[in-house]
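Keep the structure in view while reading.

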Amino acid sequence: MTIEMKPEVQINTNYYSVQKIKNLTDSTFILQLPKCRFKFDAGQHISLSIAGDYQSREYSIYSAEDASNLELLVKEVEGGYFSPKLKHLKIGNQVEIHGPFGRFCLDTKKLNTHQHVFIASGTGIAPFHSMIKTYPGLNYRIIHGVRLAEEAYDREEYEPGRYYLCTSRDTSGDYKGRLTGYLQEATFENNSCFYLCGNSDMIFDAMEILKEKGFSRDDVNVEVYF
Ligand SMILES: Cc1cc2nc3c(=O)[nH]c(=O)nc-3n(C[C@H](O)[C@H](O)[C@H](O)COP(=O)(O)OP(=O)(O)OC[C@H]3O[C@@H](n4cnc5c(N)ncnc54)[C@H](O)[C@@H]3O)c2cc1C
């Protein structure tokens with residue numbers, strides 16, 4: 001007697017269907033997916049591709065570690081290959097995720113002893129949103145540099161007085177000018193630890209300013225997007 005083998009059904013757990021695209025501005029949106037099926041530490045990123053497309057890009061995880069949906073905060077880059085395709089995904093389309101990757105995470109030894117200063121340009125605020133949502137009660141301060149005040153993504157979700165917006169192209173932020181201009185004028189507590197995320201120009205300039213202010217490189221963590 002021959003035993004017939006049932007064909008093995010392959011379920012690729014890396015695939016997620018798009019649940020929602022929530023537009024925050026004309027170019028920036030939250031890509032909402034079902035609950036995350038892997039463990040990650042707030043601050044980590046994933047590699048994302050669209051089913052049927054050979055390209056992939058990295059995105060920080062925007063949602064908290066235990067959130068009921070996996071969320072990414074994405075800016076559609078004009079002339080970019082991948083981000084415009086993400087913007088035009090429809091509910092039910094499949095994306096593939098690999099990861100999590102990276103070590104841009106909170107130092108748990110400093111959770112109760114330090115003020116966490118989160119310095120972000122544009123969508124570089126994404127990992128900080130995940131950290132703050134994951135650790136309620138965290139002592140933090142966000143300094144967010146954008147061009148226009150409308151880019152203060154989900155500002156209302158941060159505790160009053162902890163979020164500070166620097167706008168370089170309009171006057172309705174908390175500080176009119178570049179984030180680095182604000183950093184030069186700002187004072188920080190001695191027990192501060194710094195997390196910098198976004199474009200490399202901002203990160204290099206901000207690191208230089210923090211060094212001039214006497215902070216050690218050991219207290220500065222960076223994640224460069226481009
Ligand atoms: C670790 C890591 C995490 C990242 N997390 C995020 C995230 O959470 N959200 C996000 O929107 N992007 C994030 N990025 C950037 C993302 O991976 C892509 O580079 C971006 O979406 C552009 O891809 P594209 O194919 O549209 O552009 P491409 O055709 O690859 O063109 C790349 C150019 O786009 C510009 N660019 C890249 N990212 C941005 C941006 N965020 N804002 C403005 N200009 C940009 C740069 O000038 C770059 O040279 C991250 C990158 C890294 C390395």
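Q: What makes a residue buried or exposed here?
A: A residue is buried if 20 or more other C-beta atoms lie within 10 Å of its own, and exposed if 12 or fewer do. By that rule S200, D201, E208, K211 and E212 of α4 are exposed. Note that this is a predicted model.

Q: Which residues of α4 are buried?
A: They are M202, I203, A206 and L210.

Q: Why are the buried residues of α4 said to line one face of the helix?
A: Look down the axis of α4. The buried residues fall within an arc of 95 degrees, so they share one face. The exposed residues named above are on the other side of α4.

Q: What covers the buried residues of α4?
A: The cover includes the strands β8 (115-121), β9 (140-146), β12 (192-198) and β13 (220-224). Helix α3 (179-185) is also part of the cover.

Q: How do you know that the length of helix α4 agrees with its 13 residues?
A: Helix α4 covers residues 200-212. At 1.5 Å a residue, α4 should span 18 Å. Its end C-alpha atoms are 18 Å apart, so the two values agree.

Q: What follows α4?
A: G214 does, with a positive phi near 95 degrees.

Q: Why is Y62 called buried?
A: The cut-off is 20 or more C-beta neighbours within 10 Å. Y62 has 26 inside 10 Å, so Y62 counts as buried.

Q: Where is Y62, and what does Y62 touch?
A: Y62 is in the loop between β5 and β6. Leaving out residues up to four places away in sequence, Y62 touches I30, E71, L72, L73, A126, H129 and S130.

Q: What makes β4 and β5 a pair?
A: Two strands pair if there are at least two bridges between them. Strand β4 (residues 45-50) and strand β5 (residues 56-60) are joined by five bridges and run antiparallel.

Q: Which strands form the open sheet, and in what order?
A: Six strands take part, in the order β11-β10-β9-β8-β12-β13, with parallel pairing.

Q: Why are β11 and β13 called edge strands?
A: Each of the two pairs on one side only.

Q: Which domains does the chain have, and how far apart are their centres?
A: The domain assignment gives domain 1 (15-101) and domain 2 (108-224). Their C-alpha centres lie 23 Å apart. The contact takes 15 residues from domain 1 and twelve residues from domain 2. On the side of domain 1 that touches domain 2, strand β6 (residues 70-75) gives the largest share, three residues. By class, that side has eight nonpolar, five polar and two charged residues.

Q: What does the whole chain come to?
A: Four helices and 13 strands. Of its 226 residues, 35% count as buried.

Terms used
Residues are numbered from 1 along each chain as its sequence is written. This is a predicted model: local features need pLDDT of at least 70, side-chain atom pairs count only at pLDDT 80 or more; totals for chains, interfaces and linings use all residues. Domain bounds come from an automatic or database domain assignment. Two residues are in contact if their C-beta atoms, placed from the backbone, lie within 7 Å. Ala, Val, Leu, Ile, Met, Phe, Trp, Tyr, Cys and Pro count as nonpolar, Asp, Glu, Lys and Arg as charged, and the others, Gly among them, as polar. The expected span of a helix is 1.5 Å times one less than its number of residues. The arc is that of the directions from the helix axis to the C-beta atoms.
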